[in-house]
Amino acid sequence: MNLSKEVLEQLIAQSRDLVVATDREGNVAYYNDGASRVLGYAAEEVLGREVARLYPDLDEARRVMKAMRGPGAGGLGIVENFQTSFLAK
């Protein structure tokens with residue numbers, strides 16, 4: 001069974017997991033409902049802004065970025081079971 005792109009996008013948008021994607025400059029390009037529920041920021045407050053603002057400091061943001069670009073991410077920019085801290089609103 002193949003799910004349509006629209007159905008998959010709805011599943012991600014409504015997921016309880018935090019899903020945050022950035023552009024190449026490190027600005028938030030996607031922010032799902034799970035991230036909004038957990039962190040307390042509305043999408044409008046973070047979209048287009050630096051993702052580093054969601055972390056306690058720039059070093060932590062860089063550590064996450066390094067993990068997402070590393071060999072464990074499979075070139076997809078995805079990490080699983082990676083412990084980090086975020087700043088909630």
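Q: Which residues does Asn 32 contact, leaving aside its neighbours within four places in sequence?
A: This is a predicted model. In it, Asn 32 is in contact with Ile 12, Ala 13, Ser 15, Asp 17, Leu 18 and Val 19, sequence neighbours within four places left aside.

Q: Where does Asn 32 lie?
A: In the loop between β2 and α2.

Q: Is Asn 32 buried or exposed?
A: Buried, because its relative accessible area is 2%, and the cut-off for buried is under 20%.

Q: What does the side chain of Asn 32 reach at 3.0 Å?
A: The backbone nitrogen of Val 19. The Asn 32 side chain also reaches the backbone nitrogen of Ala 35, at 2.9 Å.

Q: On to the core. How many residues are in the largest nonpolar core?
A: It has 13 residues. Val 28, Tyr 31, Tyr 41, Val 46, Leu 54 and Tyr 55 have the most contacts inside it. The elements giving two or more residues to this core are β2 (28-31), α2 (33-39), α3 (43-46) and α4 (58-69).

Q: And what is Tyr 31 in contact with, beyond four places in sequence?
A: Val 19, Val 20, Ser 36, Leu 39, Tyr 41, Ala 42, Ala 43, Val 46, Leu 47 and Leu 54.

Q: Change of topic. How many salt bridges does the structure hold?
A: Three. One joins the side chains of Glu 45 and Lys 89 at 2.8 Å, N to O. That pair links distant parts of the chain, with Glu 45 in helix α3 and Lys 89 in the segment after α4, 44 residues apart.

Q: How exposed is Lys 89?
A: Lys 89 counts as exposed, at 62% relative accessibility. Glu 45 is partly exposed, at 25%.

Q: Which side chain does Arg 63 meet in a salt bridge?
A: That of Glu 60, at 2.9 Å, N to O. Both lie in helix α4, three residues apart, about one turn of the helix. Glu 60 is buried at 14% relative accessible area, whereas Arg 63 counts as partly exposed at 38%.

Q: What about Lys 5 and Glu 9?
A: Their side chains meet in a salt bridge too, at 4.0 Å, N to O. Lys 5 and Glu 9 are four residues apart in helix α1, so about one helical turn separates them. Lys 5 is exposed at 57%, and Glu 9 is partly exposed at 42%.

Q: Last one. Which residues make the nonpolar surface patch?
A: Leu 3, Val 7, Leu 8 and Leu 11, over about 320 Å². Leu 8 sits in helix α1 (residues 5-14). At 39% relative accessibility, Leu 8 counts as partly exposed.

Technical notes: Residues are numbered from 1 along each chain as its sequence is written. This is a predicted model: local features need pLDDT of at least 70, side-chain atom pairs count only at pLDDT 80 or more; totals for chains, interfaces and linings use all residues. Side-chain values use heavy atoms; hydrogens and water are left out. A nonpolar core is a set of buried Ala, Val, Leu, Ile, Met, Phe, Trp, Tyr and Cys residues joined through side-chain atoms within 4.5 Å. Buried means under 20% relative accessible area, exposed over 50%, partly exposed in between (1.4 Å probe, protein chains only). Contact means heavy atoms within 4.5 Å. Patches are made of residues with over 30% relative accessible area and no salt bridge: like charges are joined within 9 Å, nonpolar side chains (Val, Leu, Ile, Met, Phe, Trp, Tyr) within 5 Å. Accessible areas come from the Shrake-Rupley method with a 1.4 Å probe; for residues, only the protein chains shown count as cover. A polar contact is a pair of N or O atoms within 3.5 Å; within protein, one must be able to donate a hydrogen and the other to accept it, and residues adjacent in sequence count only if both atoms are side-chain atoms.
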